[in-house]
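This report goes through one protein model, from a sheet and a helix pair to single residues and overall totals. Please keep the sequence and the structure in view while reading.

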Amino acid sequence: MTPDRTPLEELTLRELRRKAMELNISRYSRMTKEQLISAIQEALMQTTGSTARDPEDKNKVEATKFDTGVQTAPPKLTDVDAGLGDLPAGYGASRIVLLPRDPQWAYAYWDVPNEHKEELRRQGGQQLALRLYDVTDVNMDTQGYHSMQEFPCDELAREWYIPIPVSDRSYVVEIGYRCGDGRWLVLTRSAAVMVPPTYPSDWFEEHFATVTMDRDLRGKTIYQLTEPYKRSVMGGLMAGAPAVMAGAAPTLTDEILRLAGALQAQHVAGSLFGSQHLVPGAVGLAGRTESGIGLGAVPGESLSSFALPAAAPWMASGSGLGLFSGASEVVPQRVRKFWLVADAELIVYGATEPDATVTIAGRPIKLNPDGTFRFHMAFPDGNIDFPIFAVAADGEQNREIHMTFDRQTLRRRTNTKEEAVEELF
């Protein structure tokens, strides 16, 4: 029998294994129930008094080794902060921070002293709001912004989630007051932050570099990547452009290199050899050839390489190495930058009794002194569900309207003015 007077035969297999573990019986996990009972009985017979010491008694004995006789209660966690004061409600300076949460939402929190708010209210500020500016690749102080969305917020709020209209862009948020005459009074502005793209980027580049094992790479830049929309199509000479055969003497000059890098090649349909090409402004600079005026292939002449823009149309034609041949007419070159920015915003407005309580999608909104309200927000793709509910001050009457809005952008091929590059048309 065990010390608790329970026969070993009445114990479960798990309980027997626990006893065997307490008695330091080896390989007890492989034993059957009968083998465990036999091993436990034998181990009990070998201990003093034919009984095993209870594990709790062992713990009590161990604890008495360090008992000094002084009874001390363990410290409470609440005592750790007993000497600390309460956190201040504010820090006396206006500050707002914008943090991207994901490609569709950003989180803003701010600290604005009441004195600063009262000063702007005296200047005519009525509705506290957040304004989200798209400042991708521009300096807002000197160049303005691409687009703006406004979101009314509560006076007591210290944080707000803001929907992002377009991902993979840089944004700045301001908090301030909108006046009745249309003025915007700024309380404070955040730093610019980059919102991650919704989908993986389709831009990829591969550049191979040889780096020796003994080279110190700390603080060094091996290759500086530049996003495609920031590159200039008319960038001049490009390394790695295909070589073109030069014509007869005179040899290629620096002027030819300059013109070849600065001008786009124009495709002229029809040729004695199936295709005919012309570089405007470069005709005749390489001398007369057997195939006409301009650059051409002359048997026996040496080869000279110079770079041309990779986007030149004649490089994609089926004219072998892209040789120039017998045209004397210069096709006029038309280059222009073109751009488009377009988006949509949603404005919900209404009016009720000034002392009523109004909620939009379950969120209370602040009414103007005359009972009017105006809710201004971005209108991204998807569905926006806006149940509007008004309750009288005494709670006896209510009114409601349930509106839903759907937007679907079927195609987007837009770019900002700063992203526009020179194109042939």
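In what order do the 4 strands of the open sheet stand?

The model is predicted. In the open sheet, the 4 strands follow the order β16-β15-β18-β19, and their pairing is antiparallel. The edges are taken by β16, residues 363–364, and β19, residues 398–407. Each of these edge strands has a single partner strand, so one side of β16 and one side of β19 lack a neighbour in the sheet.

Within the sheet, strand β15 covers residues 357–360 and strand β18 covers residues 382–391. These strands pair in the antiparallel sense over 4 bridges.

## The α1 and α2 helix pair

Helix α1 spans residues 13–22 and helix α2 spans residues 33–46. The helices pack at an angle of about 35°, and their axes lie 10 Å apart. On the α1 side the contact is made by Leu13, Leu16, Arg17, Lys19 and Ala20. On the α2 side it is made by Lys33, Leu36, Ile37 and Ile40. The crossing of α1 and α2 is left-handed.

## Aspartate 111

Aspartate 111 belongs to strand β2, which runs over residues 105–111. Is this residue, aspartate 111, buried or exposed? Its relative accessibility is 13%, and because the limit for a buried residue is under 20%, aspartate 111 counts as buried.

Apart from neighbours within four places in sequence, aspartate 111 is in contact with Ala89, Gly90, Tyr91, Ala93, Ser94, Arg95 and Arg158.

## Cysteines

How many disulfides does the structure hold? The number is 0. A disulfide is a covalent bond between the sulfur atoms of two cysteines.

Cysteine 153 has a relative accessible area of 4% and is buried. Cysteine 179 also counts as buried, at 4% relative accessibility.

## The protein overall

The secondary structure of the protein consists of 6 helices and 20 strands. The protein has 425 residues, and 32% of them are buried. Its accessible surface is about 28500 Å², with 53% belonging to carbon and sulfur atoms.

Among contacts in the protein with a separation of 6 or more, 63% are between residues 24 or more positions apart.

Conventions. Residues are numbered from 1 along each chain as its sequence is written. This is a predicted model: local features need pLDDT of at least 70, side-chain atom pairs count only at pLDDT 80 or more; totals for chains, interfaces and linings use all residues. Side-chain values use heavy atoms; hydrogens and water are left out. Helices (H or I, at least four residues) and strands (E, at least two) are DSSP runs, numbered from the N terminus. Buried means under 20% relative accessible area, exposed over 50%, partly exposed in between (1.4 Å probe, protein chains only). Contact means heavy atoms within 4.5 Å. Accessible areas come from the Shrake-Rupley method with a 1.4 Å probe; for residues, only the protein chains shown count as cover. A disulfide is a pair of cysteine sulfur atoms within 2.5 Å. Two strands pair if DSSP finds at least two bridges between them. Axes are lines fitted to C-alpha atoms, for helices over the stretch in contact, and angles run from 0 to 180 degrees between N-to-C directions. A crossing is left-handed if the near helix is turned anticlockwise from the far one by less than a right angle, and right-handed if clockwise.
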